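This briefing looks at how the parts of one protein chain are arranged and how they meet. Please keep the sequence and the structure in view while reading the points below.

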Amino acid sequence: MIQLRSLALQADITNAKISLRLLDQTLLPHEEKWILVETNEQMIEAIKTLRVRGAPLIGVAACLMIAKLAIEKTSVPELLAKAQALYEARPTAVNLMICIDRMTKLIKSNFTIQNTVDLAVQIFNEDVKLCEQIAENGAAFIQDGDQILTHCNTGGLATAGVGTALGVIRKAHEQGKKIHIYIDETRPLLQGGRLTAWELKKLNIPCTLITDNMAAHLMSLKKINKAIVGSDRIAINGDFANKIGTYSVAVNCFYHQIPFYVAAPYTTVDTKCENGNQIPIEQRSAKEVQGVSGSFGEVLWAPAGVAVYNPAFDVTPAKLVSKWILDKAAYSKKDIEQGVLKSC
Ligand code: MRU
């Protein structure tokens, strides 16, 4: 039996079946409930509702779902149709598409159940390694005494490994650097306030939770001297999409002359995407802005029927980025201008 374990995903794999469990992230931090995902529809629902989330982890989870369907003797045409449905579950995170493309390419060219399962396991293990490499490359930019702002959740809950931006923070902490993290709560779904705060507390990394609109004020007081975020899709010119509010963080850093880093694996680079204008931005339900929901239930505070705009992501232009911290290396603006992301 193969057992895959991450902070938010568990897979038990035998020749006869795959048991796939997800930690329901909509209930964190107050309830730690693992849910068994048995059908493709359940996995799609889990991705759309953000029970499972984070660009790298949804890619990994989707591939394990495809492997599960293969073990259950789903025919090749049906397997491809189900893979396509998974592909469309979230539009911005390119890791989902890149990972599924790898699976479908194999299914079309050389399908066996074993091959399909092996590739999904490989994609899980590869993500663990990519996170380690990003953490190593990124920690070099973190110094003793740094007070670092981060946005959304980019840790073990968002990947199969230690995370991307949060993996860098974790590595710097493990290296003995005395750092303090400011966590943007990350409206509307509070991935910072609920998830990053939960992870950093578990890791004993000193942190302070702030609302998103407090960051500029803290920068003006010189309480924040670096910012690091993850990404859902990086264009080859270095523009990148990440959780809504990331662009504001970058603009605030630029104004205050604070280094702003983005950390991601190569599976987040869309080599077909020339610039940020080409990145599709997911629009989500008005309810997420009209109120909030979690293990405590649902609260709506806005007047019923008020118009809402709710893009899940924004695009930060390359101009505002100090370094792109990837698994292979950390890249400068000059590297990006020379087209280094084209061959990711
Ligand atoms: O909507 P989410 O919670 O999936 O958004 C996640 C992010 O924006 C992360 O920063 C990104 O996926 C990178 S996670 C390593």
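In this predicted model, the C-alpha centres of domain 1 and domain 2 lie 24 Å apart. The contact between them draws 35 residues from domain 1 and 38 residues from domain 2. Domain 1 covers residues 2–131, while domain 2 covers residues 141–343.

**Buried area**

- The size of an interface is often expressed as the accessible area that is lost when the parts come together.
- For domain 1 and domain 2 the buried area is about 3000 Å², and 58% of it falls on carbon and sulfur atoms.

**Polar and charged pairs**

- The rule identifies 1 salt bridge across the interface of domain 1 and domain 2.
- A salt bridge joins the side chains of arginine 90 and glutamate 282, with an N to O distance of 2.9 Å.
- Across the interface of domain 1 and domain 2 there are also 18 residue pairs in polar contact, counted where both residues have pLDDT 80 or more.

**The side of domain 1 that touches domain 2**

- Helix H2 (55–71), helix H4 (94–110) and helix H5 (113–139) are the elements that each give two or more residues to the side of domain 1 that touches domain 2.
- H5 supplies the largest share of that side of domain 1, namely 6 residues.
- Sorted by class, the side of domain 1 that touches domain 2 consists of 19 nonpolar, 8 polar and 8 charged residues.

How values were computed:
Residues are numbered from 1 along each chain as its sequence is written. This is a predicted model: local features need pLDDT of at least 70, side-chain atom pairs count only at pLDDT 80 or more; totals for chains, interfaces and linings use all residues. Side-chain values use heavy atoms; hydrogens and water are left out. Domain bounds come from an automatic or database domain assignment. Contact means heavy atoms within 4.5 Å. Buried area is the accessible area (1.4 Å probe) that two parts lose on being put together, summed over both. A salt bridge is a side-chain nitrogen of Lys or Arg within 4 Å of a carboxyl oxygen of Asp or Glu. A polar contact is a pair of N or O atoms within 3.5 Å; within protein, one must be able to donate a hydrogen and the other to accept it, and residues adjacent in sequence count only if both atoms are side-chain atoms. Helices (H or I, at least four residues) and strands (E, at least two) are DSSP runs, numbered from the N terminus. Ala, Val, Leu, Ile, Met, Phe, Trp, Tyr, Cys and Pro count as nonpolar, Asp, Glu, Lys and Arg as charged, and the others, Gly among them, as polar.
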